[in-house]
Every structure is written in structure tokens, then in C-alpha cells.
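Please consult the sequence and structure shown here alongside the points below.

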There are 2 protein chains.
Amino acid sequence: MDSSEVRRAGRPRTSVLDRERILVAALRLLNSVGPEKFSMAALAGELGVKPPALYHHVKNKQALLVGMREVVNESIDVSGFGSLSWREAVERWARSYRAAFSAHPNAIALLATEPITGATRTLAMYECVVQGFLAAGWEASAVMGDMVALESFILGSALDVVAPDDMFDPGDAAAQTPGLAGVLAAQSALEGSRANHSFEVGLAIMIDGLARRNGVGM
Amino acid sequence: MDSSEVRRAGRPRTSVLDRERILVAALRLLNSVGPEKFSMAALAGELGVKPPALYHHVKNKQALLVGMREVVNESIDVSGFGSLSWREAVERWARSYRAAFSAHPNAIALLATEPITGATRTLAMYECVVQGFLAAGWEASAVMGDMVALESFILGSALDVVAPDDMFDPGDAAAQTPGLAGVLAAQSALEGSRANHSFEVGLAIMIDGLARRNGVGM
DNA sequence: ACCTGAACACCGTTCAAGT
DNA sequence: ACCTGAACACCGTTCAAGT
């Protein structure tokens, strides 16, 4: 996009691409055009390159998506574990986890379902969380189940961020769904966004419940 | 696939397709071949028809996915609301909700993120849930937030169903993640699947927490 | 090693032509 | 109204050819 120079075939004197530049540009593109129009061709165009050039740096589109997921995961904040209380650390982790995805709303659908097997940085993130649970007094056999339960809620909440605001709007069928219409009206009187409110309610419940079940920070 | 008859151009004497047949076949196909190989062409092939024929019954692929999501939603069980206690009804709803998606593991990634705006049958499902919350004593302004929080957890848990079992396996990096390796080993001694266990733990916590916050069924 | 250009099989979708 | 056949623009990906 920047340089309007024409590049002939053959290896350039200094390489124009690298994996990191590609991943960042891909995230930017996906977030701006949405999953439908996100293609290798569009990404190449954004980077001022022809599509086959990308394949020198990423194996294929699937691998590209996995890499993008890793970049998103890297902004998840686990710094609380080891310095703050379990409750404060896990709150920080959960909020930054959801925020990481909320920062790329159009990316959520594509990225949330990519398995992140074997990504070193991501495993390091889980290691911090696990250590935090253990240090707070968790039984080893309960850590994975409890962490995954919380993570499921966080990811589900991230998906909810992109749900259209009128998703529950009955429209002209409001007469058949009086309860729904009523609670929607009652809720719209509250301050703050719908999705944020649900997340905070659920997060408080999950953290309280987990702490209670494991006799932590009562 | 069944009839090896060749069909010439022109309207057939009795139509071979209808919306319901298409949606059911699409769900079957998506579930068996996975999201990558799920295409209009493949679906047409499965129905013994050429791809353009599908467009007489569904507007486009996006609309097809929305319709499929509706079919999945229809197997969610709201029969408990009105007959059972709030706690039992909401448990039945949550388990059948997750089961509906778990029945189509390959479909989850594609379907979970489709908005379901304006689907009459789906709105009817939410209406039952809302009525159940109201009947149990919920404040009108709290119903949507609480229901969506629970639903976020359920959807996140449905996504977790398809996560590969070795997702957290550190592999040769086990030395760097001793905590993770330890809790994985401790957990594998437990009976039942990893995903089911997390779901049941989280569900109990969410339902207890919601009941407690709203002074229900204590 | 790292780019372009040409090529491949395949996509979703439109539309005219048939009955 | 509902199917096929032909056509369109566009995919992801491979590979030879250039530097």
C-alpha cells in the first residue's frame, strides 16, 4: 500500500515480509474487513505482495489463523499471579482475556475456535494460571477442570461481544413473546452495555463459586 | 446419492428439494466432513442435485447456516420451565443446550457464531426461559443479564467439547511447564471426560450463584 | 532464500434456458 | 415454480522461473 514501486520476479535484495509482520497485518485486516472478505489475496494486497509470497512464511491459511490466535493470546495478562491475591489475579486474567478478543471483534468467530496446541507462549500463559491456582491452595486434580470452566465462560462471553444488539428483539412478533419484550425494556434502563454487564455478573459468580468450592479467600 | 437417474434441465414433475430436507442434509454433511469441506457444491451432491438448485430454497450460504442453527436450537429442551423447579428446569435447559451442539461437533465452530436474529422458534425458546426466571422471582431488569451470562458459559463449554484432548499437552516443553504437567496427570486419574467434568462444575457454580443472587431456591 | 507469474481445482452465486 | 448448464469473479495452493 505504501510503496507503489513495481517488483519484478526474483528474490528481493532485502526481504519484504516476515512472519510477525504478516500476523499483525492479518489481524488488522481481519478486524477491518470481517471474516467473509478475509483472504490470502486480500492480505497479500495489504502487504504489497502477491499471494504466493505468503507461503514462504506461513504453511497455509489454517496455520496463519493459529498464529493470529497466538498473537491475540499474548496480550492476556497473567502478571497478577504471584503478586496479587488469587481473586485479584484471576479477575485481571479473565478481563484481559476477554478484552484481547474484544479488541478484534471480527476476529472472534474465526479465532476462538482455533485449537492452540503446542503454542509455547500460550502454554506459558496456562502455566502461570495453574501455578496461581496451586499457590492459592487448589487440589491438583481440581485445577484443570476449574480453570477450563472459567475459560469456557470467558470465551462464551467474548462471542457474546459480537452478537448484534437487537439479537433478542422480537420485532413484530413481540405479542408472542411478552416476557422477553418486558425484560428487554427493563434492562435497557440500566447503564452500561448489555454484554459487559453479563460478563461482570457471570465473572463474579464464577470466581465466588470457585473460591467457595476450594476454600479460598473467603 | 440414492437415485442414479439422470435429471434433464427444466422443472421436475415433483420437486426434489425443500428447505427442511436441505437443512437436515446440511447438518449431516457438515458434521461428517467438517467445516473445511462443507460447500454448497458438496451439499448439492449429497442431495443429488446441481449447486444452483439450492438457491431456490435458501438465499445464500449465510442464510443456510442461520437455518441450520435454528434446527439445532429446536432440540433445546425448555419443557422444564412451568413444570419443574427453577433449578431443575434451568439444568435441563443448559444440558440440552450443550448437548444440541455436542451432537454436531464439527458444526459448532460455524454455527455458534451465527446470530439468530428474528428466528421465531428460537425467540420462543428464550421466551420460555425468561418466563421461568420471572416465575421464580427474578427482578425484570436482571433476567437478561443473568440468562446471557449462563448462556455464555454454555456456549463456551460447547466450544470446549471440540477442543482436542491434547490441547494442553506441553509435549517436549514439559520441563518449562511443570505445574501444567502435574495438574494434567492428577486430573487424568479422575473418571469421565475432561470437557464434561468442567461443564458440570461450572454449571453447578453458575446456577448456585444465580439462585443466591436472586434469593431463589436456597 | 524469497519474490513473481502462470496454472490448478474449487468456491459461491447469477442467469438464461428448459419443462 | 424448480431444475440444469454455462458463466463469472474469486478462492487457496503449487510450482517453475527469476534474482
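The model is predicted, so local features need pLDDT of at least 70 and side-chain atom pairs count only at pLDDT 80 or more, while totals for chains, interfaces and linings use all residues. Residues are numbered from 1 along each chain as its sequence is written, chains are lettered from A in the order in which they are written, and side-chain values use heavy atoms, without hydrogens and water.

**Surface near DNA strand D**
- DNA strand D is surrounded by 26 residues (a heavy atom within 4 Å), and the closest are Gly10(A), Arg11(A), Arg11(B), His56(B) and His57(B).
- Of the atoms of DNA strand D within 4 Å of the protein, 59% belong to sugar and phosphate.
- A polar backbone atom of Gly10(A) is 3.3 Å from a base nitrogen of DNA strand D.

**Domains of chain A**
- An automatic or database domain assignment gives domain 1 (3-58) and domain 2 (75-214), with centres 33 Å apart, taken over C-alpha atoms.
- In domain 1, 6 residues are in contact (heavy atoms within 4.5 Å) with 7 residues of domain 2.
- Between domain 1 and domain 2 there is 1 residue pair in polar contact, both at pLDDT 80 or more; such a contact is a pair of N or O atoms within 3.5 Å, one able to donate a hydrogen and the other to accept it, with residues adjacent in sequence counting only if both atoms are side-chain atoms.
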